[in-house]
Structures are given as structure tokens and as C-alpha cells.
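Morning, everyone. Have the sequence and the structure open on your screens, please.

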Amino acid sequence: MSKGSLTRTYEPNPLLRAVYSKFFDAIQVDEDWVRKVRENAARGTLIYIQRNLNPIDFFALDHLTKRYGLPQVRFTNDLGLGVLNPMGKGWFNALFPRADVTEADELRDALEHGGSANLFLKRPPGVLDIVAGASGGRGLKEGDELIATLIRLQQEWDRPILLIPQVFVWSKSPDTRGMRPIDLLLGPREWPSPVRTVGQFLYNYRHVALRAGEPLDLQQFLQETGEVSQDVCIRRVTYAMLRRVERERRSVVGPAEKPPDRVRLEIARSPKLQHMIADLAGERPQERAVLTGQALSMLRELQATPEATAIKAMEVALDRVFRRIYAGIEYDRKEVERIRELAKEGTLILLPSHKSHIDYLILSYVFNEENLQLPLIAAGDNLGFFPLGPLLRRGGAFFIRRSFKGDRLYSTVVDAYIRRLIKDGFPIEVFLEGGRSRNGKLLPPKLGLLNMIVEAALTVQGRPTHFIPVSIGYERVVEAKSYERELQGGDKRREDAGGLLRSTDVLRHRYGRINLEFGEGLTLDLIRTELRMPLETSLSPAQRRAVVRRLGNRVMDEINWVTAVTPGALTALSLLSHDRRGLPHEELVERCRRFLTVLREIGARVTPATATNTGSLRPDAIREAATMFVEAELIEAHVPPDPDAPGKERRRRPRPGSLNEPIYTVPDQKRITLDTSKNMILHFFVERGLIALAMRPEDSRPASRHVVRDRVQRLSRLFKFEFRFHADKTFDDIFDETLAAMLEAGEVALVSHDQLEPGPGRLDWSGQEWLANYARAFRNFLEGYRVAARGILPLVKGPLSEKDLVKKALAVGNRMFLAGEIDRKEAVSKPLMHNAYEALIDQGYLRKSGDKLELMESFRSQAAVRAIEGRIAGYLEGGFEE
């Protein structure tokens with residue numbers, strides 16, 4: 001302490017310093033927090049603001065500011081430690097207090113000597129305060145006089161005083177409503193005592209975090225406030241800071257927790273549900289009680305009941321499992337921070353892609369790691385079996401029946417539950433595709449649950465709802481074997497405990513990396529603006545349906561757009577678009593490099609494991625992906641022996657770059673599984689692929705731009721249910737933009753009289769080679785549709801159910817493959833057949849009659865059916881019908 005100074009920085013003794021380092025260094029400190037504090041310190045005098053007076057919070061903040069070289073704390077409120085108070089307030093001050101020096105004097109002294117200060121705004125209520133009801137369930141006033149001092153100083157100084165809210169998140173458990181016996185001894189979660197804080201830290205040490213809220217410039221605040229009394233000004237400053245602190249806390253711990261049975265009773269009393277019960281009961285009072293009981297039972301079956309202990313157990317288990325079977329989970333922390341900011345200002349609706357049961361765990365795992373509130377997850381009731389169901393429910397899942405069409409009571413119960421979650425501000429995770437995609441491509445959105453969410457969000461005023469598209473990408477899914485069986489026509493097996501036990505085989509394999517990408521946050525106001533609907537008026541039912549439809553499609557398009565390129569997907573694409581028996585490793589790497597160049601030009605995101613910061617392909621990543629596929633027996637690696645090498649050397653694993661690098665082949669029966677990995681990025685090439693198919697690169701003959709355009713348009717209509725096309729662009733715009741990009745890249749050339757032909761090429765491929773590779777990537781889809789077209793021959797004799805028709809078509813496809821009529825085994829795929837029949841219905845060849853499919857009258861002959869197949873086969877064989 002300098003001469004004449006009342007304050008000094010805290011200097012713990014060596015033993016305490018060692019203890020602080022051991023524990024407080026484990027606190028997660030974001031670089032953004034350090035940067036934010038430094039930037040504000042350069043602007044003015046810094047005041048750290050904390051909500052709840054707690055010595056542990058002060059000691060931790062003091063240690064971290066010293067560790068990162070930030071403005072040092074020379075003053076804090078009296079911590080209530082008596083002779084143990086730090087910063088010159090210890091035993092001497094306790095024995096010989098100075099009556100002429102107040103805390104306000106010490107605060108002024110600290111700031112005038114160039115230091116900083118830490119202010120607690122509230123004091124936790126003691127046992128007597130709680131019993132007497134003095135606290136009203138909240139903290140007691142603590143820092144009003146100190147805020148008054150800061151206001152007076154700011155009025156005297158030109159240099160701004162900046163108040164920065166600081167939040168230590170010691171526990172991720174939400175606050176509780178009401179008091180429990182243990183809260184009388186240790187303080188409630190919201191206002192913990194030092195003992196409880198230490199316990200929370202030890203239990204949650206991996207996820208304790210320090211976060212900074214939005215700073216308040218006191219100089220600017222006073223200018224904007226104008227002439228008001230000091231008491232009013234103090235209240236406004238205090239309220240503003242408490243609100244900012246609470247926003248940071250709530251982004252981690254979420255809304256306050258209520259007992260599940262109390263929540264069910266409150267939902268059962270909601271007006272909409274009561275109206276439905278009354279409508280169903282009619283004039284029968286006893287029936288009303290019965291229906292209310294059924295509604296409560298449905299809510300119990302539906303409701304998520306997250307518990308801290310279950311989440312902690314799942315955290316430990318998932319950490320071990322993920323580390324064992326995956327090479328890592330990749331995501332951009334800046335994107336996570338963007339989501340965090342959206343969570344502070346509104347309710348999050350997370351809408352991820354759905355390719356695996358692992359999807360249910362990924363977002364919660366990452367949010368837990370990043371100290372974000374865990375979402376409540378909408379899951380199908382097929383996962384509610386014991387023991388998985390109870391565990392997932394305690395982890396935050398709520399279970400919805402797979403189908404409840406016609407059940408008015410259940411539909412209203414689900415709607416009331418969703419409304420309650422939205423109103424309380426819980427983040428919700430919903431899989432718009434409904435079920436898992438077996439072939440790697442996005443499924444069309446199911447809009448039923450989204451409609452309920454939108455309707456609920458429209459009723460919440462003053463708090464926006466953010467719809468966040470999320471892409472969850474895999475290099476290889478854990479369900480690959482079951483998907484292979486289902487894609488080839490096998491029935492889906494029901495999830496049960498036996499299947500869970502059999503799935504332990506997963507732990508014996510490696511599945512590459514998981515990638516998580518967040519798309520642009522969408523709001524209902526944004527969607528309404530896009531649809532040119534006034535924001536001030538309420539929506540009609542038709543308008544609401546239009547909003548839901550547009551929102552669902554925008555979400556799916558955004559998921560496609562932000563899906564990242566992984567080494568596994570790039571390797572699968574390169575292998576399956578190759579036309580020879582085997583592919584040497586060096587050629588595989590070069591093919592991946594060429595495709596990656598196009599993907600980067602398109603604007604696709606690329607994972608860090610795939611490419612360097614400069615965009616160059618990492619060859620080792622392709623080697624690792626190929627090794628993963630070899631170990632999964634999806635591809636085979638053949639190493640030709642070197643006849644000049646000694647016997648032992650001949651059998652050793654080849655060195656990278658050696659002449660006997662492996663040559664990869666794909667067994668026919670495994671192509672359909674590898675195709676799932678390819679399809680995860682195939683959507684980036686759809687427009688190029690259709691142009692390539694329309695130009696028939698094998699012929700090398702020029703074709704007029706008009707003819708190519710017409711062929712592409714017919715192909716896009718044929719594949720209407722197979723691929724997603726930009727809903728906000730016309731066909732002509734998409735065609736012109738894609739063709740211009742291919743012309744600029746040298747893949748296509750424009751010659752006289754508006755003729756198109758293969759261009760000069762680039763990257764050691766001619767234009768014809770580029771077009772051939774694009775076309776081969778989509779050949780299996782044309783072959784699959786050809787199989788589906790021949791498969792409708794039995795309909796000449798009469799209608800069939802779609803299930804029976806698909807089975808017959810798959811059998812036809814297998815014969816066509818064995819006979820050499822089609823080249824790609826992956827063309828014989830159940831999802832392909834279903835999509836093809838949707839397209840044939842859309843094009844007027846088939847129609848649905850009840851639950852059966854039948855040919856339209858003008859196509860009920862074998863010749864007509866063969867003509868349908870011929871039109872599709874023309875794109876494969878060059879016999880286009882213009």
C-alpha cells in the first residue's frame with residue numbers, strides 16, 4: 001500500500017497462491033473474455049460487477065485477472081470474513097476499525113490510484129432472512145452506496161467508468177422454485193454460500209466458466225438518463241447490471257426448475273387443453289375427469305425430466321465412448337458463440353439433420369462442453385424402451401408417438417406441452433426429417449411438430465424464437481450394417497433392449513470424425529418478410545401454413561448449404577465416380593484434390609481435418625479415410641508385390657509415395673453402404689451432374705444450349721423428390737449460373753451457333769473427363785429410376801401396394817445388375833424406388849388408389865411401360881427423346 005493510500009491489491013500467501021492456482025486455473029476462460037476486458041480497460045476505468053456476494057467469486061476473479069495481466073482489483077465489498085478479510089481489511093482492521101473511512105472512500109481511493117474494483121450487488125439471504133421472509137426469495141441489497149459513489153465519480157470525471165458484469169458458472173443445474181431443507185444450510189443454487197460454491201466447483205470442475213456480460217458505459221448511461229433523483233439512478237444502474245448478469249447465467253443454466261408433477265398439472269389447466277377436454281366430454285361431467293386423467297397420463301409419457309446426476313453420468317459415459325469410436329467432434333467455437341448470443345435474446349429451436357441415433361447425443365454433448373443450456377430433445381417413442389428410455393428422459397428427451405393422426409386429445413396435449421416449453425424459454429431440439437436418412441441425403445421435412453412450435457412462438461411476445469439449422473456430418477455411421485440391409489429391401493427392426501446389447505459391437509470399430517455446422521438463424525419475422533406478409537397483422541391459417549412450409553424448406557436448404565466436406569465423404573465420392581476396376585492411392589488423392597477445388601469454388605465449408613488453412617488438401621486425411629473404409633470392409637486395398645524386393649520387404653506395408661502403393665477396389669455388395677458417405681456431399685454437385693448427364697460426355701458431340709437446357713429441366717423434374725433445388729431461385733437462374741461457372745472453369749466450352757461441348761479442362765483433366773466424372777457420380781440414380789420403371793410392369797395386371805411393388809422392383813433390379821443391364825449395385829435401393837414412384841405419380845404415369853398404386857389408363861400396356869423405361873434409359877445410352 002503506497003503512502004496515503006487506503007487500498008491495495010490482494011496478495012495471498014504462498015500456500016493460498018498454490019491452492020488458487022490448482023483450482024482456479026481449471027476454470028474455462030474464453031479468449032473473448034480476456035479480449036473484451038482489455039478493450040474496455042483501454043477505453044476507461046474498469047469495474048467488475050458480480051451479482052452475489054461470495055468470497056470464492058472474488059478470489060477466483062482476482063487470481064484470473066492477475067494470471068492474464070488484466071486491471072488489478074484494489075477494492076471489493078466487505079466479504080464478511082472478519083479477521084480473514086483480504087486487501088488490508090483483515091485482523092488489524094477488524095481489531096482497530098477506522099471510523100472515518102467508509103467503503104465509499106476506499107472505492108474512490110482505489111480508482112483514483114489507477115486500480116480497478118469488484119462490486120457485488122446483492123448479499124445472499126441468511127437462514128433468519130429466509131425464515132422471516134425478508135429476502136422475498138431474492139438477494140438482499142448490498143452495493144447501493146457503492147453505485148452512488150461511482151455515479152458521483154463519473155459526474156466529476158471526463159474518463160468513462162465501465163461496468164462489466166462477471167458471471168462465474170459454478171453449477172449447470174437450473175435454479176429451483178421454493179426452498180428445500182438443504183438450502184437453509186448451504187443457500188439455494190441461485191444464491192449459494194461459499195461452502196456450496198466449493199462443492200459445486202468440485203462436482204463440476206470441468207465446466208466451471210467465467211463469462212462477461214455486455215458492459216455499461218456509466219458516462220453514456222447518465223447522459224441518456226437525464227435529470228432523475230439519485231435513488232432512481234441507482235435503481236436503474238443496478239437493474240441494468242443484474243439483468244445483464246442474469247442473461248449470461250440463464251444462457252448456461254436455463255429457466256428455473258419445477259417438480260414434474262406440478263408442471264403436468266399446470267399444463268393440464270391450460271385453456272386450449274381444457275377447451276379440448278370439454279369439447280370431447282360434451283355434457284358428461286364424469287367423462288371430463290376421465291379425459292383429464294388421460295391427459296395427465298399422456299403428459300407423463302411425454303415429459304422430459306432432466307436430472308443433473310443422470311446428465312453427469314451420461315457426460316462421463318459419452319466422453320469415453322466418443323473418444324473410443326470417433327477421431328473427434330469438429331465444430332467452430334465462433335459459431336457456438338453466435339448461438340450463445342442468440343440464446344441470450346430469445347428461445348432456440350435447434351433443427352439438426354438426422355442420419356444416426358448418435359444425433360440425439362451430439363448437440364447435448366457439445367453444448368455441455370461449451371457451457372450452454374442443454375436442449376430438450378423431441379424423440380420418437382420407439383426409443384422409450386427400458387433401460388434407454390428412462391436414461392434419455394433424464395438426459396432431456398421427451399417422447400412423441402410416431403403417429404397420432406386422428407387422436408385429438410393427444411395432439412392437443414403435445415401442443416400444450418410445446419407451448420409451455422416455448423413460453424418458459426427452453427431450447428428445443430427437433431429432427432425435421434422425422435426419421436433417420438438411410439442413404440446420406442436429407443429427407444423431406446415433416447411439418448407437424450414444426451407447425452405446433454410456430455403456433456406457440458407466435459403467441460410469445462417480446463422474446464424472439466430463433467430456428468437454427470444444424471448439419472451433423474459423419475464419415476461413417478454406426479448403423480451402417482443395418483442400413484445396408486434396409487436399403488436392399490430388409491424391414492426395419494424395432495428398437496429394443498436386445499438391439500441395444502447387440503450394438504456393443506460398435507465399440508470395436510472406428511468411425512472417423514463427426515462434424516457439427518450451424519446455419520443462419522431464422523426468425524418468423526424474417527420468413528414473413530420473405531413471403532411479403534405484414535408483421536403487424538395476425539396470420540390466417542393459410543398464411544401460417546405457408547410460413548411453416550417456407551420455414552421447413554429454408555431450414556433444409558440451409559442444412560445442405562452448411563454441410564461440411566469431410567475426408568470420408570470426399571474419398572467415397574472419388575471412389576464411386578471412378579469407372580475402372582481399381583484406383584491407386586495416389587490417383588485417389590488427386591481425384592479428391594480436384595473435387596475439393598470445385599467444392600471450395602462453390603463455397604462449401606470444409607472441415608479442418610480435410611484441408612489446411614490455405615485450402616490445400618491434407619493427403620494424410622484421405623489415407624486415414626481409406627484405411628477406415630478398409631477396416632470396415634467397405635473397400636479392399638490390394639498391394640502388388642515388388643518382384644525386385646527381398647521376400648520380407650515385399651510383404652511390408654508400402655511407404656507413402658512408393659511404387660507399390662495400395663490399389664483400392666469397391667466390392668459390388670458394399671457400394672450401397674459407401675454410397676451413404678458419398679451422398680453426404682453429393683448435393684453440391686447436383687446442378688453440374690445434371691448438365692453433364694444432359695451433354696452425354698461419352699459422345700463428345702456438341703449440343704445446343706437450348707437442347708441441353710431442356711434435357712436438364714426434364715431431369716430436374718424427374719429427380720424432383722430425389723434432390724433439393726433452391727426454392728428461392730428459378731430453374732433458368734440456376735441453369736445459367738451453373739453453366740457460367742462451368743464455362744469459366746473450362747469444363748464446358750461455347751462454340752459457334754450457341755453450341756456446347758466439353759471444354760479444355762483444368763487440373764490435368766480435360767473438359768470431357770470433368771463431365772464424365774460428374775455424370776458417373778449420378779449414374780446410380782438414373783439406373784435406379786430405370787429399375788423402378790421396369791418394376792411397374794406387374795401393374796399392367798392390376799394395382800399393388802407400394803410395399804409389394806418396391807419388393808418386386810428390387811428383385812427386378814438385382815436381375816438387371818447380374819445380367820449387366822445396369823452397372824451400379826447401389827442403384828438397387830429401396831429409397832430410390834420410393835422416390836422414383838413419387839416422380840412417376842407426379843409425371844402422370846401412376847396414381848394412388850387408396851393404399852395401392854396403379855397405372856394411368858393410357859399406360860396400362862407392356863409397350864407403354866417399356867416406353868417409360870426407354871425415356872429414362874435414354875439418358876444413360878444417348879437415345880434422348882427431344
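A cavity here is a set of points, on a 1 Å grid over the protein atoms alone, where a 1.4 Å probe fits but cannot get out. Points are joined across faces, edges and corners, and the volume is the space filled by probe spheres set on them. Some ground rules. This is a predicted model, where local features need pLDDT of at least 70 and side-chain atom pairs count only at pLDDT 80 or more, while totals for chains, interfaces and linings use all residues. Residues are numbered from 1 along each chain as its sequence is written, and side-chain values use heavy atoms, with hydrogens and water left out.

Back to the cavity. How many cavities of 30 Å³ or more does the structure hold? Five. The second largest cavity is lined by 15 residues, and the closest to its centre are Met-314, Leu-318, Leu-361, Ser-364 and Gly-395. Lining means an atom within 4 Å of a point. Helices are DSSP runs of H or I with at least four residues, strands are runs of E with at least two, and both are numbered from the N terminus. Which element gives the most to this lining? It is α17, with five residues. By class, the lining has 10 nonpolar residues, four polar and one charged. Nonpolar covers Ala, Val, Leu, Ile, Met, Phe, Trp, Tyr, Cys and Pro; charged covers Asp, Glu, Lys and Arg; the others, Gly among them, are polar.

Now two backbone details. Asn-371, in the loop between α17 and β11, has a positive phi of about 60° and is not a glycine. Phe-386 and Pro-387 are joined by a cis peptide bond, with omega about 5°. Pro-387 sits in the loop between β11 (376–380) and α18. For context, most residues other than glycine have a negative phi, and most peptide bonds are trans.

Next, the sheets. Pairing requires at least two DSSP bridges between two strands. β20 pairs with β21 (residues 755–758) over four bridges. Val-748 is opposite Pro-758 in β21. Axes are lines fitted to C-alpha atoms, for helices over the stretch in contact, and angles run from 0 to 180 degrees between N-to-C directions. Contact means heavy atoms within 4.5 Å.

Another open sheet of three strands has the order β22-β24-β23, also with antiparallel pairing. Its edge strands are β22 (800–801) and β23 (846–849). β22 pairs with β24 (residues 852–855) over two bridges. Ser-801 faces Lys-852 in β24. Helix α35 (residues 830–842) packs on the sheet, touching β23 and β24, at about 100° to the direction of β23.

Last, a helix pair. α7 (residues 144–156) packs against α10 (residues 218–225) at about 90°, with axes 10 Å apart. That makes α7 roughly perpendicular to α10, a label for angles of 65 to 115 degrees; under 35 is roughly parallel, over 145 roughly antiparallel, and the rest oblique. Leu-150, Ile-151, Gln-154 and Gln-155 of α7 meet Leu-218, Gln-219 and Leu-222 of α10. That contact has four nonpolar, three polar and no charged residues.

How values were computed: 1 Å grid on protein atoms, 1.4 Å probe; cavity = no way out; pocket = protein on both sides within 12 Å on 5 of 7 lines; lining within 4 Å.
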